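Hi everyone, thanks for coming. Today I'd like to walk you through a structure that may be new to you, so please have a look at it while I talk.

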Amino acid sequence: MDDCPICLKHRGAGPLRGELIGRWDGFWVYHAPPDENRFASLGHLFIETDRHVPYLADLAADEAEALGRLRTRAAAALRADTQAEFVLAAVIGRGVAHFHEHLFARFPETPAEVPWHQSDEAAPRADRRAVADLVRRLKEALERA
């Protein structure tokens with residue numbers, strides 16, 4: 001789709017950004033970009049389909065299997081690298097009709113009263129250099145897995 005922001009992102013255009021970790025089995029994996037203050041929630045990843053498919057239920061069987069494998073590998077790499085207590089996953093799909101799944105780290109120092117869905121807001125804030133370092137390590141780990 002020409003006007004889909006995720007399709008545009010994959011072509012290096014449009015309003016969405018992120019630090020590319022890599023492409024595997026028909027999926028792109030990105031780290032969330034810095035916000036207006038130039039910081040990102042450390043360990044907030046996006047897994048996006050290569051082809052334009054709007055929703056989780058629209059994935060073909062082989063895509064669903066590949067997603068499961070990639071999600072597990074990415075979660076393991078993220079947890080091992082950051083020492084996250086949990087790696088949470090969410091498919092929300094309300095803002096952009098192109099499949100994307102969020103993975104985000106919940107760090108041990110996160111207060112218990114912070115709800116699971118706000119774990120990324122409680123994560124350490126990382127500048128571009130820290131994000132780039134994490135992206136490099138995650139890419140290496142995913143390529144080895």
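Let's start with strand E2, residues 27–31, and strand E4, residues 44–49: in this predicted model, the two pair in the antiparallel sense, with 5 bridges between them. If you'd like to find the pairing by residue, Val-29 stands opposite Ile-47 in E4, and Trp-28 stands opposite Glu-48 in E4.

Now look to the other partner, E6. Here too the strands run antiparallel, and 5 bridges join E4 to E6. Leu-45, for instance, has Leu-103 in E6 as its bridge partner.

Let's zoom out to the sheet. In what order do the 5 strands come? The order is E1-E2-E4-E6-E5, in an open sheet with antiparallel pairing. Strand E1, at 19–24, and strand E5, at 86–90, stand at the edges; each has a single partner strand, so one side of each is left without a neighbour in the sheet. From one strand to the next, the twist averages 20°.

What about the helices? Helix H2, residues 61–82, lies across E1, E2, E4, E5 and strand E6, which spans 100–106. The angle between H2 and E6 is about 20°. Helix H4, residues 128–144, also packs on the sheet, where it touches E1, E2 and E4. The direction of H4 makes about 10° with that of E1.

Back to E4 for a moment. Are its residues buried or exposed? In E4, 6 of the 6 residues are buried, so this strand is largely enclosed by the rest of the structure. As a reminder, in a regular strand the side chains alternate between the two faces of the sheet. In E4, His-44, Phe-46 and Glu-48 point one way, while Leu-45, Ile-47 and Thr-49 point the other way, and all of them are buried.

Two of those names come back in my last topic, the largest pocket. How much space lies in it? About 190 Å³. Its lining includes Phe-46 and Glu-48, along with Ile-6, Lys-9, Leu-16, Arg-17, Pro-33, Val-96, His-100 and His-102. Helix H1, at 5–10, E4 and E6 are the elements that give two or more residues to this lining. Sorted by class, the lining has 5 nonpolar, 2 polar and 3 charged residues.

How values were computed. Residues are numbered from 1 along each chain as its sequence is written. This is a predicted model: local features need pLDDT of at least 70, side-chain atom pairs count only at pLDDT 80 or more; totals for chains, interfaces and linings use all residues. Side-chain values use heavy atoms; hydrogens and water are left out. Two strands pair if DSSP finds at least two bridges between them. Helices (H or I, at least four residues) and strands (E, at least two) are DSSP runs, numbered from the N terminus. Axes are lines fitted to C-alpha atoms, for helices over the stretch in contact, and angles run from 0 to 180 degrees between N-to-C directions. Contact means heavy atoms within 4.5 Å. On a 1 Å grid over the protein atoms alone, a cavity is a set of points where a 1.4 Å probe fits but cannot get out, and a pocket is an open set with protein on both sides within 12 Å along at least five of seven lines; lining residues have an atom within 4 Å of a point. Grid points are joined across faces, edges and corners, and a volume is the space filled by probe spheres set on the points. Ala, Val, Leu, Ile, Met, Phe, Trp, Tyr, Cys and Pro count as nonpolar, Asp, Glu, Lys and Arg as charged, and the others, Gly among them, as polar. Buried means under 20% relative accessible area, exposed over 50%, partly exposed in between (1.4 Å probe, protein chains only).
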